[in-house]
Amino acid sequence: DLQEDVEKALSKTIGDMTEADGIRRGGAAVVVGVGSGEVLALASYPTYDISKWDEIYDTLASDDEGAPLFNRAIGGTYAPGSTFKPCTAVAALESGVITPSTTILDRGIYDYYSSPQPRCWIYSSYGSTHGRVNVSEAITVSCNYFFYEVGRLTGIKTLDDYATQFGLGQYTGIEIGGPNSAEAKGALASPEYAEANDLEWSDGQTLTAAIGQSYSLFTPLQLANYVATLAGGGTRYNAHLLKEVRTYDSAELVDVYDEPPAEIVDIEPENLQAVLQGMRDLVVSGSVAYYFKDCVVDAAAKTGTAQTGGKVSNGVFVAFAPYDDPQIAVAIVIEKGGS
C-alpha cells in the first residue's frame, strides 16, 4: 500500500506540473526505515505497467527522453542542493569549527576570496540577508552565506569524510545494486575527483560543495538513507529489500535479515539536536510550514534547489517523521522541479 501511494503521489505531482507548463519531467521518491535500512517504498517516474511488458516493451525502449526503463531511484544521480547542508553542519560541529551557539553574519555576498564571490540566495532574490544566524537557524532558512563560511573553515576533506560516513557517493548495499548493476555510485566533490575527470578545482569548489553543488551527485536512495542515518542518531544501515525468507509454502521461516550497522557516525547529542532542530523548525515555521499544517505526525525536513546548468533547477526534498521518535525517512527528487 505504501509503495502504491508513493507511486501515485509522484505521478500526480509530476503530471500536474507538466500539465501546467508543458515541461517533460522525471523523478523519484524513496522511503527508508530509520534504524533498519528497510526500503519501504522505491518509486521512479515515468514508469510502466509491468503486466503489459511484452506488448509495450518496444515503445518503452524507444522513449529516450522519458526513459521509463531507467530506475531513477537507484540509478539517477543528482546534485543534492541544500539537502546536503545538515551533513556540512555535522562535519563542522563535530570537527569543532563551530558550536551550536556560534553565529555568523550573513553579508549577502561572500567575499573572502577575490574570486569567486558567491551570493546568498536571499540576496540574489531580494537584495536582503538573513542577518546573524546560528547553525539551526541557518538550516531552517537555508543560508548559503553561513555554509560558505563553515565549508571553507571545515575543508573539503572533512566534508567528504562525513559525507562518506553517511553513505553519500557510495553503493547503498541494496540487493539489486553494487558495481556493474543498475545502481549508480554517484560522486563526491573533491580535488581528486576533479583531477580524475579532467575537471577544474579551486577554493571556490569547496564553497559550492558545502551547499550541495560542485561535482557532488547522489541517488535518491542514498539521500533517503543519509537522512535515516541522521534521524537515527548516526547509525547507518545498508539499504535492503529483503526482510525474511520462508519455505515455498510459507510454513517455515528460513532466514531473517539481521545485518549489523554498516557505519556509526559519531555525533555529540547537542550537535545532533542543533541540526535536527533546524530541520524541525523548517516544518513548524519555515518555508514549508504551510504544506505540513495538516500533517498527522510531527515531521522535520530540508529543501533543496539543485542547479543543473539549465533554465530550471531540480527540486530535492528530504524529511523524517515522527520528529521525537523517527520511524521513516523520505527523499524526493523532481527533475526540473524548480525548487
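Predicted model: local features only at pLDDT ≥ 70, side-chain atom pairs only at ≥ 80, totals over all residues.
1. Where the lining comes from. Two elements, helix H1 (2–21) and strand S2 (39–45), each give at least two residues to the lining of the second largest pocket. S2 makes the largest contribution, with three residues.

2. Sorted by class, the lining of the second largest pocket has eight nonpolar residues, four polar and one charged.

3. Helix pair geometry. Helix H7 (residues 144–154) packs with helix H10 (residues 203–210). The angle is about 125°, and the axes lie 8 Å apart. Why is H7 oblique to H10? Angles of 65 to 115 degrees count as roughly perpendicular and those over 145 as roughly antiparallel, and the rest, apart from those under 35, as oblique. The packing angle of about 125° therefore makes H7 oblique to H10.

4. Handedness and contact residues. H7 and H10 cross in a right-handed sense. On the H7 side, the contact is made by Phe-147, Tyr-148, Gly-151 and Arg-152. H10 brings Thr-206, Leu-207 and Ala-210.

5. Which classes make up the contact of H7 with H10? Four residues are nonpolar, two are polar and one is charged.

Notes
Residues numbered from 1 in each chain as written. Heavy atoms only, no water. Helix = DSSP H or I, 4+ residues; strand = E, 2+ residues; numbered from the N terminus. Nonpolar A, V, L, I, M, F, W, Y, C, P; charged D, E, K, R; others polar. Axes fitted to C-alpha atoms, helices over the stretch in contact; angles between N-to-C directions. Left-handed = near helix turned anticlockwise from the far one by under 90°. Contact = heavy atoms within 4.5 Å.
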